[in-house]
Each structure stands twice: as structure tokens, then as C-alpha cells.
Amino acid sequence: MLFNSYAFILFFLPAAVIGYFAIAKYSARAATLFLCAMSCVFYIWWKASFMLVLLLSMAINFAFGQYLMARANQAGAKRVLIAGLVFNIGMLGYYKYSNFFIANMNAVLGLDYSLFNIALPLGISFFTFTQIAFLVDAWRGRVVELSITNYFLFVTYFPHLLAGPIIHHREMMPQFADPTLKIINWGNIARGLILFTLGLTKKVMIADQIAPWANEGFANASTLTFADAWITIFSYGLQLAFDFSGYTDMALGAALMMNIKLPQNFNAPYRATDIQDFWRRWHMTLSRFLRDYIYIPLGGNRAGEAKMCLLFVVTFVIGGLWHGAAWTFVLWGLLHGVALVVLHFWKKLKMPLPNVLAIAVTFIFVVCCLAVFRAASLTDAQHILSAAAGFNGVSMQFNMPAWKWLADSPMLLFQSSGLAATLGAFSEPPPPIPSASLASFAALAAAFILSFTPKTAFDIATTIAFTGTKMVLVGVLLLVCLVLVPGATEFIYFIF
Amino acid sequence: MKAMLTPQQFVRGVISLSVIGLIVIGSFNWWVDPFQQYRLSSFYAPRFYNAQQRFVNPGLAKHADYTRIVIGSSLMENVDTRDVDAAFNVAPNVTSNSGRSINLAMSAMSGYDANQLLSLALATGKPTHIIMNMDYNAYAGAPTRSGFSSAFPTYLYDNHFVNDAPYLFGLDTILKSVEIAQGKRTSRFSESITQPWFWAGNTEFSAAKTVRGLDANNLNKNHKQPGRTRDAMLLSFNENIVSLVRAYANVTFSFVYLPYSKLVWADFAQRQQVDVTLQFREDAFNVTAAYPNVQWFDFQANPALVNDLSHYTDIYHFSPSVSRDIIQAMAKGEHRLTDETLTKNNRWLREAAKNADVRAIIDAAK
């Protein structure tokens, strides 16, 4: 079920919130079971057979977790932990990477093995990483309570199930177990509703409006001019940021209505002043996972400079591969890893850039890397980045029909101002701008401005004063979003 | 308005505002019903929006008065149902909304799109005869592939009111409803129920127009038709079309191969699609051979239609007069496909594809 669908917004979410608190009045355990059931419905809505994969994954991880909890830090437990990790990585490998491996083996060795006919279970990357973290925490003795219903809810809780945030057992289980959080809290419902509305706004009013421009640019990667390439790059960079952070805001908002605080996943990432800062603000729970469960266990900052730099690269290549089985993701991860190495040495020079320049450089680097991330192939990525670098000439000509009118925009402005008529200029009026394309332009401009404004949606929702004016504003915003819902698309991160 | 509200008042206010807004919008859209999902328009001339065929057609299928359906891709859009009724000797109706035939064509219709629409129409019990063009490209890809670039509006292809929210509350519907209420005519639409999707009015049909802008080395450049495989085509045909033939044994299905210009066959040759196309013709014919409610018609191996580019506006699309002639021929039972004619026609088409000299054809047409 999509967060940005009528089924979810008008029926599922209200039913989940109302049902949860209504049942919790009589039985906390029944309320938890109710949320488990609702989460199953939410997941099965896509495809019932995926539920079996999720159930199998949870059952085996729960068994491993129980064993590791009872024998935390004891001899022999490490082997069980490794078995658990092999199970999780194996499952992820089978569903996500086996065809990639076979296709590359075929290409390199000239073989002709058939690819598996595998459908990728939704959210598998998210629920697998969540449970890997749980097993490692259990082995380290950091898991103190393990009720099967709470564990079930911890993994399946619908706000985070499909696209995160990647949560920690220790930050969720106390909340599920706390009876005071099962009492209706109107403050949390109001703030959750605002955050959910702002997330929906980001998705349907911004990301979905920009999407046609990004899609058109990437579909015509080989024919882009310099100007086209930059519009394509900025479009996707801003589309992804608003799509994914919009999803996260909706997830956090939905959970908050039920008094559950999910970890923040975004904090104005395009205001980052360097690439390290960026990863403290972008997909923060993935960064946390990569740091705590890959980078630090492999040696981290203690490993010596050379190994540390190598670990930067290895960690981010794994991060890239986590997104999907494609060389574009590997290269995207590699670029970020190398950028961290460069930053490490740059910092040693003690030549900090002015803040505005640092933000601009980081932003440009990140959106260019995202072009690699989004491209259908490395060749397409090369086409786009070559055009953007001016290797095909620095032309301000626009080739893409979606935004070709931008070339006429000064004339259109001149005409709309009324000056053209006064001066008797332009007997042939320029063709009208398609309204969808104008919406894309407006959304792109809004996204650009909002990306660099100080307050995030989370800040607004958590600090807002409940005045009548703001009530009307939020109500109207929600209504406008609901009107735009039929044109909404799937969230980009659902495919990961 | 500056007074502080309690969180509960705030939540109630936000929800009330948006719910009341939705009720107002939904009621207005239901009343105007621009895509005629609940009734044929009564207080304004019906509007058949070309860009919204997949939204309007289900409404037509549910509420129009018909017994014969003309359905297919853009090649069928110029068929005038008055010609169909005349050809099949149906007395002309006096009221505008009461034709015996209905045209439910859709641009880039896939097998899936056809299945969705025909399932809805057949479930009404109204149709007794389906005339459907067999466009090979409709069976490319997975059986669930829609030819519609946006999400297919499945919620309109049933009789459940409860899932109509995207129609009742959506921006597209609001804009159309407002346009109708204001009496404006900014969108492109037809008001004729006998020609709801007709586009040939100001279109030039000539050999010169047909070859304009063609790349002789890549005839598919302008149309970007997908590649096809025999297995996928047959799977889609079986799941989407044969399933309906089987389920509605009392309904006659007339499948027709409409003519393509010889440049389409040259395009198939350029893309190695000739074999798969001819194999599909055999497969589709054979899998329906056991069904007495199926008829096949073939106008593709007709030299007069295939070789004369003056009938076309591009390599695929022919003029309304060709549509009219074809319907008349079908009504008379001409150009029926049999085991013998299938073999003979396939042989002719293979030769046509093989022998087409693209540069010479284009030069001659210019």
C-alpha cells in the first residue's frame, strides 16, 4: 500500500490509529497484536507471497536473536552470529544480487546461464538490515527484552517497513513496551498529522511534479546539451531528495500519531558543507548502520590512515550495492567513498572553503553522483556527465520538449508584462507553455529554494504553535495534496 | 484566529476542513461527471477527450446503448459507427446517444487494455459482436503491460463506487468539470458519439506526408515500437483475449488485421520482427480455431492497400475511407482468413518485407 494513496490516507491510517488506541484502552497486548495485523495487511496489499519471505526472515532471526541474547559475549556465540549474518546476507544475495552475479559471470566468462525468475520482495533491504543490526546488538548484549509480539511489530511496523528509516531494536522495543505510550496523545497526533501532510506535500506537489523532467532527461541521455544535462541533473537530485524525505516525513508522522518516535532520516542534506556532513544529514539511519556495523567493526578510525581510507571506499561501495545490483550503484558508492578520502586529506591542509562555496561544491558533487545513481547504465551516466562537463560543447540550447520553452521564457515574460503589446512587438506569439511543464518548473524552483531554507519539515512539525491560521493552512495543504494524489507515483526507494 | 487551539481542536479542524473540501469536490465532480462514469451526459453535450480515452471508454462501455463494439488501437479511432451500422444493415437511430455500435478504440492499446475494457463491456451483457483490430505491438511485453504511459485507471473498470476516489477527487476531473461548468472548450475533445475518437479531420493523407521525416535506416525511429517475442505475444493474447472468447461463447469476435503500409513491413525487416510477426499470425489463428464464435479477417496482404502510400498519413495510419471500405468488406464476409489464405498471405507478406527497397520507396513518394 502506498502512503500517497487514498486507501492509505482515508481508510488505512485512520483505522490503524483509531483501532490502536481503542483496543489499547482494554489490552496493551491486543493493541500490539492489532498493529501487527494491520502491518501484515499493509504488506500483503502488494503481494501476499512476499509475506512468506518476511515471516521466514523474522522467524529465523528471532530464533538466532534468542540464542544470542542468552549467550551474549560468550564463547561460541560468535559462530551463531556469523551463521545469522550468512542467512541474512544470503537471502538478500539470492533475491537481489543473484541475477546480477550471473549476468556479469556470463559477460566476463562468455557463459550462457539463464537468469532466475525472481521477484524482489518489497522492503527486503530495509528489514534485512534492521534484523542484522538486531543480531549484532543481541550478540553484544545490548538487547534486554525480546517479546515475540514486540519483535514482530519491530520488524513489520508499517510506517518503516518498506523504505525505512532503518531502526534499532533498542530505540523501538522500549516504546512498544511502554504502557504510557498507548494512551491517546493529541499533541502527538497533531504534530504527526502536520509532519505527514508536509511529507505528502513534498511528494505530490514537488517530487512528482519534477519527475517528468528528470525522466525525460534520463530517457534521452545521449542527446542532451550542456544546459539539458544540468536541468536533468538538478531535476533528479531534487526529485529524489523530496521523494525520499517526503516518504520519511510521512513515516515519522504516521508513527508519531501512535506515540512512536522513529529516528530522523533527513536533516536538510543539501545544506551540508562537505561530504561527511552530507552523510550526517542524508539517509541518516543508513549512514548509522554503515558506520556501526561495517566501518567500525572493520577497524574504523583506529585502523591507521591507509586502511581507514580504504574502509571509507569499501563501506560506501557496500552502501551503493545495498541500493541495488547494478554497476551504477557501485560507482555511486565508490565516488562517495573517494570523496571522503579526498575530504580527509583536504582537511589536513586546513584551508576551509567559505560556507556558501562549500555548500555549493557539496551540492554539485552530490547531484552529479545521483545522476550516476539514476542512470540506466554506466554509458548513460557517462553521456550525461560528459554533456554537463561541456565535453560536447557549452551550449545553452534546450533540446528536450519538456523544457524547450525555457529558451522563449524571456520573451514570454516580456509579453505577459504587457510591454510587448504596448510596443507592438511580436506579431507571432510564442507557443503557450504546457501547464504540466510549468508545474515542473515551479516545483523545481520551489525545491531548490526549500532545500536551502533553515527549517525542515520535522522542525516545523515539532515546533509549530496550534493557531487557527495554521490549522487552516495545514487543512488546505492536505486538501490540495489529496486532490493531487491520483497523479502520484510510487516512492523511488520502494525498489530498494 | 490568533487564539491558541488545543491539539485536539487543531486535529479536528484540519480533518474537518479537508473532509468537507473533499465532499464538496467529490459532489461537484459526481454531478458534472465529465468522463461519464455514472451516466451519459444529460445537461451538456458529451465530451470525448482524446487524451483521456482510458478514462472515458469505461463510462461509455457501461452507459451507452450498443450491441456491437469496435475496439482496437489508433488504427480504429477513425471508424465512424454510422458506417458500421450501415454496413451491418442496422437501422439508423434517431437519438444521438443510441447507436447500435460503439467505438471504444484507444491509442496504443495493449492486450491488457483491451481485456480490461472488454471485460467491463461484456459483463454488462449488451454486446453480441466485437470487431477488434489485431495490432502486433499490442502484444509486446508482459500480459499486464498497458499502452498508457501513466498508471492505468483500473478503479474505473469495475462497478464499485467505493474505489472511485481518484476520479471523484482528482485534479484532472476537477479541471474538466470546471471547464464544462463554465462552458469553456480549451481541451481537445469530440462531441460525436459516433466518432468519439476521430482525429483524421484535418490530417493530410498522401505519399509525401507518409515518408516525411523518416529515417531510411531506422524506420521505427519516430514510432519507437517495442521489440516482440513469439512466446510473450502468445501469452498476452491467450490471457487477455482468448480468455474472453472462451468465457463469452455467445458473443462473436471478429479479429481483423488492418493494412499497414509496405514501410511497416520494411521496418519489421529492419528490426528482425518479420518472423515473429508471421508466427504470431499463425499462433493466434490456431489457438482460436476451436472457437466457433471467432472470425478472422486479413487486409494486410492486400497490394492495393499496402503499396499505395497515398492512403496513409504515416507508415501505420490510413485514411477514414479505407476504414469505411474495410468495415463494408467485413460485413459482406470478404477477406476472411482460412488455413489456406493465412499461408498464402504470410508468404506474400514475407516477400513484401524482404523486397522493400526503403530508399527507393521514400524517394518515389517525395
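**Figure 1. The surroundings of F8(A) in the predicted model.** Leaving aside its neighbours within four places in sequence, F8(A) is in contact with M1(A), L2(A), F3(A), L13(A), P14(A), F42(A), F158(A) and F196(A). This predicted model also places F8(A) among the residues that touch the most other members of the largest nonpolar core.

**Figure 2. The largest nonpolar core, with members from chain A and chain B.** This core holds 283 residues. Together with F8(A), the residues touching the most other members are Y270(A), L60(B), M132(B) and W296(B). Helix α10 of chain A, residues 226–257, supplies the largest share of the core, 19 residues. As a bit of background, nonpolar side chains tend to be buried together in soluble globular proteins.

**Figure 3. Where chain A meets chain B.** Here 25 residues of chain A are in contact with 24 residues of chain B. About 2200 Å² of area is buried between the two chains, and carbon and sulfur atoms give 85% of that. On the chain A side, W186(A), F466(A) and M471(A) lose the most area to chain B, together accounting for 28% of what that side buries.

**Figure 4. The side of chain A that touches chain B, element by element.** Three elements of chain A each give two or more residues to this side: α1 (6–24), α9 and α21 (468–484). The largest share, 13 residues, comes from α21(A). Sorted by class, the side has 19 nonpolar, five polar and one charged residues.

**Figure 5. T201(A) within helix α9 of chain A.** The helix spans residues 186–219. Is T201(A) buried or exposed? T201(A) has a relative accessible area of 12%, so it counts as buried, the cut-off being under 20%. Beyond its neighbours within four places in sequence, T201(A) is in contact with I206(A), L477(A) and C481(A).

**Figure 6. S319(B) in a loop of chain B.** This loop runs between α11 (303–306) and α12 (320–331). S319(B) counts as buried because its relative accessibility is 8%. Leaving aside neighbours within four places in sequence, its contacts are F205(B) and H311(B). For a sense of scale, S319(B) and F268(B) are 51 residues apart in sequence and, C-alpha to C-alpha, 22 Å apart in space.

How values were computed:
Residues numbered from 1 in each chain as written. Chains lettered and ligands numbered in written order. Predicted model: local features only at pLDDT ≥ 70, side-chain atom pairs only at ≥ 80, totals over all residues. Heavy atoms only, no water. Helix = DSSP H or I, 4+ residues; strand = E, 2+ residues; numbered from the N terminus. Buried < 20%, exposed > 50% of the residue type's maximum accessible area, 1.4 Å probe, protein only. Contact = heavy atoms within 4.5 Å. Core = buried A, V, L, I, M, F, W, Y, C linked by side-chain atoms within 4.5 Å. Buried area = accessible area lost by both parts, 1.4 Å probe. Nonpolar A, V, L, I, M, F, W, Y, C, P; charged D, E, K, R; others polar.
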